[in-house]
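Reader: Hi! I have this model open on my screen and would like to talk it through. Could you walk me around it?

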Amino acid sequence: MFRRFLAAALCATAMMAASPTQAQQTLNVYNWSDYIDPKAVQRFQTETGITVRYDVFDSLETLEGKLSAGRSGYDIIVPTSEPTFARLVRAGALRKLDRAQIPNWSNQDATLLSRVESSDPGNQHGAIYLYGTVGLGIRPDKVREVLPDAPLDSLDLLMKPENAKALSACGIAVMDSAIDVLPSVLRWLGKDPNGNDTADLRAAEQAMLAIRPHVRAITASGSILDALATGEYCVALTYSGDVIQAKARAEEAGRGVAIGYVQPKEGAQLWFDMLAIPADAPNPEAAQRFINFLLQPAVIAGVTNAVHYPNAVPAATPLVDEAVREDANVYPTPEMLSRTFVATVMSSQAERARSRLWNRFKAGR
Ligand code: N2P
């Protein structure tokens, strides 16, 4: 009798306690810019009563800087599998996901999950959000005006100084991220894209300094997306889906700015962005609910439609707009995928050399 009373009393207390905390629950998300369907966030808030506080970054350097101080206050972060996510896994900075709370986990493609296992053995700390490549956003008509014969499918277009010189007339931009630019340059040079070799890094530096006088902007990827869409650059080295978003925006504006994406034939860097929970997240339960929410086919299809990056949920593909689904620059064909490479973590010595290189590239000396 007493036990029943106690149980009922506890239950009542729990209910009383549950509603106010439920109402005040907040989920702190730190994601890339231009990387979500705003309707998905709204729906999550309506369905769960959890308020989403949403901040953005546009390079791995910014994300790493924010996390290095600890106590970021975020519940969800979206680090790229290599190098940032892998490093966070190794440092014990991420919380293990509780799969029981994420029944939609199994919606993910097993082959893609196995590709990120080298960063996270057993896929214990992250679900795949979206993926893509690094390549060139170009305005083919403008490029042709100054370089009628240059190849449009190769990094030669940007990295050969004579090409860069000609293109300086219509504008070159490079995203401000040593982590996400150097691997492609090293690969173009025929070197190990991870740059652990000092001589390789020196060669990359020389190649970059040689084009530096012709580069108009080394800036945040988010700014490149905006400026590409308005026709400010004719060649930009950046993330695949950002180019395709710029192309869609330019088409919508109808001012005759035609944009294309080029996956360099020398081999493009393939990356996976992971949904992960910092070890010290204030609200890990809400974070797991958010991951589970995003892994629903209809929700993640909406994200792909909005941002033009592919997701890892096969059941979402038929729900993606046909034009997006059939664009090989969004969903690379097996042949295109076979021409990609995945970067890995560098030694800390090489990493320091790389950031010095980047500073010299930015300064132009
Ligand atoms: C979104 C860019 C995200 C891709 N604007 C980089 N991993």
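**Domains, contacts and a sheet**

Author: Happy to! The protein is divided into domain 1 (2-130 + 272-332) and domain 2 (133-269 + 343-363). Keep in mind that this is a predicted model.

Reader: Thanks. What distance separates the centres of domain 1 and domain 2?

Author: Taken over C-alpha atoms, the two centres are 30 Å apart.

Reader: And how many residues are in contact between them?

Author: On the domain 1 side there are 20 residues, and they are in contact with 22 residues of domain 2. The area buried between the two domains is about 1700 Å², with carbon and sulfur atoms giving 51% of that area.

Reader: Nice. How many salt bridges are there between the domains?

Author: The count between domain 1 and domain 2 is two. As for polar contacts, eleven residue pairs turn up across this interface.

Reader: Which elements give two or more residues to the domain 1 side?

Author: Those are α3 (60-68), α4 (81-90) and α14 (297-307). Helix α4 gives the most, with five residues. By class, that side of domain 1 has eight nonpolar, four polar and eight charged residues.

Reader: Let's stay with charges, but look at the whole structure. How many salt bridges does a search find?

Author: The search finds twelve. Another is formed by lysine 142 and glutamate 145, with their closest N and O atoms 3.9 Å apart.

Reader: Where do lysine 142 and glutamate 145 lie?

Author: Both are in helix α6 (residues 140-146). They sit three residues apart, which is about one turn of the helix.

Reader: Changing topic: what is the strand order in the open sheet of three strands?

Author: The order is β2-β1-β3, and the pairing is parallel. At the edges are β2 (51-57) and β3 (76-77), each of which pairs on one side only.

Reader: How many bridges are there between β1 and β2?

Author: Strand β1 (residues 26-32) pairs with β2 over seven bridges, in the parallel sense.

Reader: Which residue of β2 is the bridge partner of tryptophan 32?

Author: That would be phenylalanine 57.

Definitions and conventions: Residues are numbered from 1 along each chain as its sequence is written. This is a predicted model: local features need pLDDT of at least 70, side-chain atom pairs count only at pLDDT 80 or more; totals for chains, interfaces and linings use all residues. Side-chain values use heavy atoms; hydrogens and water are left out. Domain bounds come from an automatic or database domain assignment. Contact means heavy atoms within 4.5 Å. Buried area is the accessible area (1.4 Å probe) that two parts lose on being put together, summed over both. A salt bridge is a side-chain nitrogen of Lys or Arg within 4 Å of a carboxyl oxygen of Asp or Glu. A polar contact is a pair of N or O atoms within 3.5 Å; within protein, one must be able to donate a hydrogen and the other to accept it, and residues adjacent in sequence count only if both atoms are side-chain atoms. Helices (H or I, at least four residues) and strands (E, at least two) are DSSP runs, numbered from the N terminus. Ala, Val, Leu, Ile, Met, Phe, Trp, Tyr, Cys and Pro count as nonpolar, Asp, Glu, Lys and Arg as charged, and the others, Gly among them, as polar. Two strands pair if DSSP finds at least two bridges between them.
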